[in-house]
Amino acid sequence: MIWIYLLILTALSAAAFLGGRELARRRAVGAHPHSRPGQHGAYALIWVAAPALLVLILLSVFAAPLERQLTAAGTPDVVAELEHFRRDAFFADAHRVGRGEPALQIWERPLAEQLPVEARRMVRIERTLQWGGGAAAILAAILGGLFALTQIKPQTRARNRVEGWIYGALFICSAIAVLTTLGIIASLAFDSFRFFQKVPIFDFLFGAQWSPQIAIRADQVGSTGAFGAVPLFVGTMLIMSIAMCVAAPIGLLSAIYLSEYASRTTRAVIKPLLEILAGVPTVVYGFFAALTVGPILRVFFNEIGLFLMGGPLDGLGQYLALVQNQMALTAGAVMGIMLIPFVSSLSDDILNAVPQSLRDGSFAMGATKSETVKRVLLPAALPGIAGALLLAVSRAIGETMIVTMAAGLAANLTFNPLDTVTTVTVQIVTLLTGDQEFNSAKTLSAFGLGLTLFMVTLVLNIIAHRIVQTYREQYD
Amino acid sequence: MTDATPDHIDGAAAKGRLDRLRAGLKRRHAKETRFKWYGRLAIAAAMIFLAILMVRIVAQGHTAFYTHTVTVPVYMDPARVDRAYPQGSNFEQLAAEQQLKRWGIQDDAAGDASRQMKALFSSELKFVAADLVAKRSDVIGETVPLAVPLSDEADLYLKGEISKETPEDQRRLTDQQLAWLDRMQAEGVVGSHFNTALFTNGDSTQPELAGVLGAVVGSALMLMVTALIAIPLGVGAAVWLEEFAPKNKLTDIIEVNINNLAAVPSIVYGLLGLALFINWMHLPRASPIVGGLVLALMALPTLVIATRSALKAVPPSIREAALAMGASKTQTVFSHVLPLAMPGVMTGAIISMAHALGETAPLLLIGMVSFVPGVPHAIDQPVGALPSLIYIWENASERAFHERTAAAIIVLLVFMIIMNTAAIILRRRFERRW
């Protein structure tokens, strides 16, 4: 449907442009026009397209919630009194019936009679919104076009007005960034708020037990659900620490070598290779972790365990022999590999920003290169490198695919890298990809976790950027 | 005087000091060499990781690019083939029983032998036979050779990935089935060839029929939406910030905002997409339109940053010259600065699209984890995407999906390499050094 409107609007806009240009040409005869005919045409085009697009955008954002409101408002009591999710299912089925598809559930007597009635009413509401919205858009286009036509006079400053519109459009493009942030905060905060109504925020942040399974039926055996996120935070920190233990030294040392020692040709070979490592999608790293690194590490530790069993370290041997693929070490190590090029390229930039005069001074005093690096460059670049490492930490915390594919689901509260742990991101994916029950604490808890994740990474990024910024200004 | 010993210092003390100095110098040089080797080792480690990653993926994935087909003669028994409704006939059973008869093997009462034989053929057999009967009903009553893929496990055996040494209860094929496969191969009815199904089919629950085409098309549709939204918005935002923005608080907020958005974890964009586009706007779940919108929001900050640096590289003299000639600010930017910055802008755009192509986490949250058969063709229908297909296949229990996962990764990496190469070529050919 929206395609037809867009087609009509494109045609109207083209007509406005051509018509405006022609009209401007005719009216300019004998006068001394301020703007060229094409600029008048563009002005007419904007006045046709902009109001209509605004209507269409508003329509696409607000049509669905409005439709829900209207549907809920006129519904008969039998339906309105249903439980929340039963009512949702009923409306979903009514929607299906309205489109001529069979209902998914069998509804009993009073509801069964309401189903076709409600279906017809929903179709009516949907049609009204669609046709009304489309008509409003076309009306807006026509009104805008008529206004523009009255403005086509030789003395109209069409170019300046068009430029004003362009300026506004460019500003809106930039403002989208702010809107995105607001959108993230609003969507996370809204659902998190509902989650914190069911589970107190204190229990969530400081509780030590995480098992989000809630019995769906009252008589079902199972836990009642525990939403203490500390095991997830600890698991995330553990995997992040392992990753940083791999990425920080390797990334930093390779950056130092590349910026201080390597010849031009070495740099020309190594840097693109590191960029390849950086460009590999994380799902590929996840596959690598799950099917290559995990089994290798498991076999390695199992062999050691078998070797130790029966000896003086029998207990340790018994433990190592049963280590699993999904240990924290697997995900951490692979995440570390993923972060190497990130740390390396950021540190490289920072080392390159240290003025050459510092190096020259140190060499003049007879220091070797490594002494220059260790005693002059690194202290000078320390804040920048700290910022780079903080950015890497924030990426490690937010990384999803590697941990989803290679780390486990068991929320163990442990600091042992050979144990299975789970992370915030793994839980978000697990909670939102299975069978979802809308409005349950289980589903909503994902948004609570998301909000925590967003806040932590945001703070880390702000600090890191601030550090890097002040450091850069120091040498600029 | 060859020895550098000043006269006024006692000879022995001077020699001791010199020795200390020399020893110290040696130690310092050794340290220097060691430090250099640390750097080399670090780079070597990174390169080895890259090599292992690539070699492992090619090693796991290359076998998926060929597959085995068996040619079985099937007598289209008029008693058992339904002329009016060929899809309803049990061609698999028919083919299996006839194969056993040809080899003179008696099927047992429970039909165990024929069931085992049937398991060697792909279920594609049914569709190939039914299509043939539907097209040419005169084949009924005749014997026709049908070329059908082997089942996934049989295929793995012929590729040497299932060993006869493995105890029978630890593999899905019985000793008898393996013997039959050997016999088929000895008879020469099994042929190996390039696995076209991998590139012409959509996803399927049967590994031997599963292909990446559906996911490739899904990813392409999604990237199209992303590019249509992100590139104009990103370039617009960069132009405003670099060329028009007044120096004030609002501009500062927007700038800080964009830098921070670039570092927001991608899964948070997935949560945004789920809450905003699916739960609030009721856009269809797992559709390219939702995926494209989410990826566009995610790609926007990097695109803005890349475009801004491309705009920064255009020297101010160009702007000044245009302004001096009487061009307005807008005309300067759109007729002079932006065209000159275009190679840089396009490079940034392609690289951020390549990045969006490989992004997985947000797609999982907007529903692209479910099985979508066939090849999509609309932007408002559920689709699969290449990275989410990799995730789904990696989780599949059939072993044959593992090699196909690696093959799908190879396909994804090839696309990314093509895009990145295009970006590099663009940069090399058109970028101007001022």
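This is a predicted model: local features need pLDDT of at least 70, side-chain atom pairs count only at pLDDT 80 or more; totals for chains, interfaces and linings use all residues.
Trainee: How many salt bridges and polar contacts are counted between domain 1 of chain B and domain 2 of chain B?

Mentor: The count is 1 salt bridge, and 2 residue pairs are in polar contact, both at pLDDT 80 or more. On the side of domain 1 of chain B that touches domain 2 of chain B, the residues divide into 3 nonpolar, no polar and 6 charged.

Trainee: Where do the two domains lie in the chain, and how many residues make the contact?

Mentor: The domain assignment of chain B places domain 1 at 65-194 and domain 2 at 213-430. The contact takes 9 residues from domain 1 of chain B and 8 residues from domain 2 of chain B. Their C-alpha centres are 47 Å apart.

Trainee: What area do these domains bury between them?

Mentor: They bury about 690 Å², 50% of it on carbon and sulfur atoms.

Trainee: In chain A, what is the helix content of residues 42-64?

Mentor: The UniProt annotation "transmembrane region", from an unreviewed entry, includes residues 42-64 of chain A. That span is 100% helix and 0% strand, with end C-alpha atoms 33 Å apart. Residues 322-343 of chain A, also among the annotated spans, are 73% helix and 0% strand, with end C-alpha atoms 34 Å apart.

Note on methods: Residues are numbered from 1 along each chain as its sequence is written. Chains are lettered from A and ligands numbered from 1 in the order in which they are written. Side-chain values use heavy atoms; hydrogens and water are left out. Domain bounds come from an automatic or database domain assignment. Contact means heavy atoms within 4.5 Å. Buried area is the accessible area (1.4 Å probe) that two parts lose on being put together, summed over both. A salt bridge is a side-chain nitrogen of Lys or Arg within 4 Å of a carboxyl oxygen of Asp or Glu. A polar contact is a pair of N or O atoms within 3.5 Å; within protein, one must be able to donate a hydrogen and the other to accept it, and residues adjacent in sequence count only if both atoms are side-chain atoms. Ala, Val, Leu, Ile, Met, Phe, Trp, Tyr, Cys and Pro count as nonpolar, Asp, Glu, Lys and Arg as charged, and the others, Gly among them, as polar. UniProt positions are given in the numbering used here, feature names are shortened, and annotations may be inferred rather than shown by experiment. Helices (H or I, at least four residues) and strands (E, at least two) are DSSP runs, numbered from the N terminus.
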